[in-house]
Structures are given as structure tokens and as C-alpha cells.
Amino acid sequence: MAKRINYRLLAMGLITMLLSLTITVLAFHQAFSHQIAQDLSVETTLLCDEYNANPVPAALQIHNKQLARITLIAPDGSVLYESVAGGELGNHLNRPEVAAAFASGSGSARRNSETLGQSTYYYAMLLRDGTVLRLAKDANGLFVFFNRAMRLIPLICILILVFSLLLSRSVTKRLIRPIADMAEHLDD
């Protein structure tokens, strides 16, 4: 009987831990993704203001110290400036964030970059001269910090498991002790 109670308490602890862990990881991932998209939006807005004041591609290169990929796209979809990818780039009118920027003034997306082949966050804004300025950040590089924090999770899980095991044994002993005492003194 004591073993059955002990196992059930331990199972409840493990299920609670796994459920809490899953919800926490998903919530942090969602919050981190939202923050990255919001930061990219703010950076793009600031750079657009700077570019509208001084439309020189050299100004874009100076700003690129923030590790964002910058693309300047003409109204016909051709790439006028690209800070990372070299060579001939295809037409960008079919990119969702670019199409949205031309249609409504701004657009954002998260997808695999056709140029770099990695998961990327994009934010694009329409400039006064009719071109679109797009910033992009590599999602994999941005999640390095998040992944480092996730490495602590197995250690935390082991500590919780050990604590749950000790707690379930203690609770089981407290539950069984009065019953065992009564059984020993049944004649009394």
C-alpha cells in the first residue's frame, strides 16, 4: 500500500513538472518571438526616418552595425541595395513583407530566407521616394540566448525529480504511520 501511494504521488509530481515545463517553454518562446518582431519594427522605423532625411545607401551601411540585414527595394521589385547577400538578387515583389509594405505602408513576416536559406524575421516599410526598406534578422542567431537558458532545464528537472521523490516518501510515511500504529495496537 505504501509503495502504491508513493508511486502515485511521484507520478503526480512528474506529470505536473512536465506540463509546467511544456507550458513555460512555449510561453517564453512565443514572448521571445514577439519581442524580436517588435524590436525589428522599431529599428526599421528609425532607419526609415534616417533614410528619408538622407537617402544615401552609405547611411544604411553605417547603421548596419546592429547586425540587421538591410535591403532597399525599388517599386518594380528589383534590389537597389543589399547589406549581406552579394551578386544578383531576384525580384522581391512576391515577398510577403515587401508586398504588404507596397500595399499598406509596412509588412512583416517570418520565413526561410531564399537568399540565405535560414529562418528569418523580416520587417519592411515604404519610404517617401516609393522604395521599400526591409530589415531582416536571422532567427537562429537570435535564439542562441534562449537555447542557452534551455540547457538548464534538464538539471532543473533532475532536481525537481529528486525533490519529488523525497517529498513523496515523506508524505507516504506520514499517511501510513497512524494506520501502522493502529494495526500494532489493535488489541488495545
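Are glutamate 43 and lysine 137 buried or exposed? Both glutamate 43 and lysine 137 are buried, where buried stands for under 20% relative accessible area, exposed for over 50%, and partly exposed for the range in between (1.4 Å probe, protein chains only).

The structure is a predicted model, in which local features need pLDDT of at least 70, side-chain atom pairs count only at pLDDT 80 or more, and totals for chains, interfaces and linings use all residues. Residues are numbered from 1 along each chain as its sequence is written, and side-chain values use heavy atoms, with hydrogens and water left out.

**Overall fold**

The protein has six helices and five strands. Along the sequence these elements follow the pattern α-α-β-β-α-β-β-β-α-α-α. Helices (H or I, at least four residues) and strands (E, at least two) are DSSP runs, numbered from the N terminus. Of the 188 residues, 32% count as buried.

**Salt bridges**

Side chains of opposite charge can pair when their charged atoms come close. A salt bridge is defined here as a side-chain nitrogen of Lys or Arg within 4 Å of a carboxyl oxygen of Asp or Glu. The whole structure contains four salt bridges.

| Pair | N to O distance |
|---|---|
| Glutamate 43 and lysine 137 | 2.7 Å |
| Arginine 69 and glutamate 82 | 2.7 Å |
| Glutamate 97 and arginine 111 | 2.6 Å |

Glutamate 43 forms a salt bridge with lysine 137. This pair links distant parts of the chain, with glutamate 43 in helix α1 (residues 2-53) and lysine 137 in strand β5, 94 residues apart. Lysine 137 counts as buried because its relative accessibility is 13%. The side chains of lysine 137 and glutamate 43 also make a polar contact at 2.7 Å. A polar contact is a pair of N or O atoms within 3.5 Å; within protein, one must be able to donate a hydrogen and the other to accept it, and residues adjacent in sequence count only if both atoms are side-chain atoms.

Arginine 69 forms a salt bridge with glutamate 82. Here the link between distant parts of the chain runs from arginine 69 in strand β1 (residues 69-73) to glutamate 82 in strand β2 (residues 79-82), 13 residues apart. Arginine 69 and glutamate 82 are both buried.

**The network around glutamate 97**

The side chains of glutamate 97 and arginine 111 meet in a salt bridge. Glutamate 97 is in helix α3 (residues 96-104) and arginine 111 in strand β3 (residues 106-112), so the pair, 14 residues apart, links distant parts of the chain. Salt bridges that share partners join Glu97, Arg111 and Arg134 into one network.

Arginine 134 lies in strand β5 (residues 132-138). The side chain of arginine 134 makes a polar contact with the side chain of glutamate 97 at 2.8 Å. Arginine 134 counts as buried at 2% relative accessibility, and arginine 111 counts as buried at 17%.

**Surface patches**

Patches are made of residues with over 30% relative accessible area and no salt bridge; like charges are joined within 9 Å, and nonpolar side chains (Val, Leu, Ile, Met, Phe, Trp, Tyr) within 5 Å. Accessible areas come from the Shrake-Rupley method with a 1.4 Å probe, and for residues only the protein chains shown count as cover.

A nonpolar surface patch of about 460 Å² is made by Leu152, Leu155, Ile156, Leu159 and Ile160. Isoleucine 160 is in helix α6 and counts as partly exposed, with 34% relative accessibility.

Arg169, Lys173, Arg174 and Arg177 form a positive surface patch. For charge, Lys and Arg count as positive and Asp and Glu as negative, while His and the chain ends are not counted. The place of a charge is taken as NZ of Lys, CZ of Arg, CG of Asp or CD of Glu. Arginine 174 is in helix α6 (residues 153-184) and is exposed, with a relative accessible area of 62%.

**Valine 79**

Valine 79 is found in strand β2. Valine 79 counts as partly exposed at 22% relative accessibility. The C-alpha atoms of valine 79 and valine 132 are separated by 9.6 Å, and these residues are 53 residues apart along the chain.
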